[in-house]
Amino acid sequence: MTELDNYSLKGEISLITGASRGIGASIADLFGQSNSLVIGTATTPEGAQSISDRFKKLQIRGRGIVLDVSKSEQVNQIVKDLKANNELPSILVNNAGISMESLMMRIKEEDWNKVINTNLSSVFFMTKAVIGGMMKKRHGRIINIGSVVGSIGAVGNAHYSATKSALEGFTKSIALEVGSRGITANTISPGYITTDMTKGINEELNQAMMKKIPLDRFGDPQDIAKAAVFLASNAGSYITGQTIHVNGGMYME
Ligand code: NDP
C-alpha cells in the first residue's frame, strides 16, 4: 500500500443523490474514478439513464436510478432494493437540493414546504435508511452538502438558508451518535459554484459576489468533488462533525 492508496475508494459503495447534474455529477464521477461502485440518483428515467451512460463512458462501475429524495417511501424502497443486491452503501452523499428564490414576504407556504422537504427532510430519510447497514459493518461515511448561506444567510433565500443551517446541526448530532461505530458525518459547504442552480443569477449580482471571493473565481463542481473524495477516503478518517467550507475564501469560519 502506498500513501496515495489513502485517497482511494476501492471496496466502497457510494450512494449519491442528485448525480445527474452539477455538483452531484462531479462527485459521482470522481468517486467512480477513485474506484468506488457508484449509485447516482436523478428525478427522471432520462436523468437516471444519462448517469448510467456517463458512467459507461468513463468506465465507472455503477448506474443511475430514479429517486425523489423528498418521498420517504421511495427512499426506503431504493435502499431495500440495494440491500437485496448486496449494494448497501458504505458512503452516502446527500447532495440533491433545490433553491426557490423569493423574498421572505413572498415565500408561499407550499414553497417553504417543498424546500424543507427536498433539502432537509430528505437527508433524514436517506440517513435513517442507510445508517443501520453502516453500523453493522462498523464503517461508513455520511457527507451532506450544505451551503455558505447556511452560515451567512442570503437575501431572497430564507427557506433555503434555513435548511442548510439545519444540516450542520443534524450532521454534528449524527457524528456524536455513530462515531464509535466507525462512521463519520460531515458537511461540505460550497460557496458560489457554477451549475444550473447559479446560472440564472443576474450579472450585477455575479459581479458583487465575485468581489467577495479572495481567490477571484467562482467555484467549479470539481472543487467540491475533491473535498468529498478526501472526506470519504481513508485520508479523512479522523474528521467528523465538521463543516468544511469550500468557497474560495468568501466566508471564513
Ligand atoms: P443543480 O440544480 O445543478 O442540480 C440539482 C440536483 O439535485 C439534480 O441532480 C437534481 O436532479 C437533484 N434533485 C433536485 N430535486 C430533487 C429531488 N426531489 N429528489 C432527488 N433529486 C433531486 O444543483 P447544484 O449542483 O448546484 O447543487 C447541488 C447541491 O449543492 C445542492 O444541495 C445545493 O443546495 C448545494 N449548493 C450549491 C451551490 C452552488 O453555487 N451551485 C452553492 C452551495 C450549495 P434532476 O436532474 O433529476 O432534476
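For this tour, Ala, Val, Leu, Ile, Met, Phe, Trp, Tyr, Cys and Pro count as nonpolar, Asp, Glu, Lys and Arg as charged, and the others, Gly among them, as polar. The structure is a predicted model, in which local features need pLDDT of at least 70 and side-chain atom pairs count only at pLDDT 80 or more, while totals for chains, interfaces and linings use all residues. Residues are numbered from 1 along each chain as its sequence is written, and side-chain values use heavy atoms, with hydrogens and water left out.

**The ligand and its shell**

The shell comprises 13 nonpolar, twelve polar and four charged residues. Of the 29 residues around the ligand, those that come nearest are Ser 20, Thr 43, Asn 95, Tyr 160 and Thr 195. Two helices, H1 (22–33) and H6 (158–178), each supply at least two residues of this shell; helices (H or I, at least four residues) and strands (E, at least two) are DSSP runs, numbered from the N terminus.

Next, display the backbone atoms of Gly 18, Asn 95 and Ile 193. A backbone N or O atom of Gly 18 lies 3.2 Å from an oxygen atom of the ligand. For Asn 95, the distance from a backbone N or O atom to a ligand oxygen is 2.7 Å, and for Ile 193 the corresponding distance is 2.8 Å. Taken alone, the ligand exposes 910 Å², of which the protein buries 91%; accessible areas come from the Shrake-Rupley method with a 1.4 Å probe, and for residues only the protein chains shown count as cover.

Now select strand E1 (residues 13–16). Ile 13 and Leu 15 point one way from the strand, Ser 14 and Ile 16 point the other way, and all are buried. Here, buried means under 20% relative accessible area, exposed over 50%, and partly exposed in between (1.4 Å probe, protein chains only). In a regular strand the side chains alternate between the two faces of the sheet.

E1 and E2 pair in the parallel sense over four bridges (two strands pair if DSSP finds at least two bridges between them). Ser 14 stands opposite Val 38 in E2.

**The end of helix H2**

Move to Leu 58, which belongs to helix H2 (residues 45–58). Leu 58 is partly exposed because its relative accessibility is 34%. Neighbours within four places in sequence aside, Leu 58 is in contact with Asp 29 and Gln 33, where contact means heavy atoms within 4.5 Å. The C-alpha atoms of Leu 58 and Gly 32 are separated by 8.5 Å, although the two residues are 26 residues apart along the chain.

**Two loop residues with positive phi**

Select Gln 59, in the loop between H2 and strand E3 (62–66). Phi of Gln 59 is near 60°, a positive value in a residue other than glycine. Gln 59 counts as exposed because its relative accessibility is 73%.

Then go to Arg 138, in the loop between helix H4 (109–137) and strand E5 (140–145). Arg 138 is not a glycine, yet it has a positive phi of about 55°. With a relative accessible area of 52%, Arg 138 is exposed.

**Ser 161 in helix H6**

Finish at Ser 161, in helix H6. Is Ser 161 buried or exposed? At 8% relative accessibility, Ser 161 counts as buried. A polar atom of the Ser 161 side chain lies 2.7 Å from the backbone oxygen of Asn 157. Beyond its neighbours within four places in sequence, Ser 161 is in contact with Val 149, Gly 150, Gly 153 and Ala 154.

Definitions and conventions:
Near = heavy atom within 4 Å. Polar contact = N/O pair within 3.5 Å; in protein donor to acceptor, adjacent residues only side chain to side chain.
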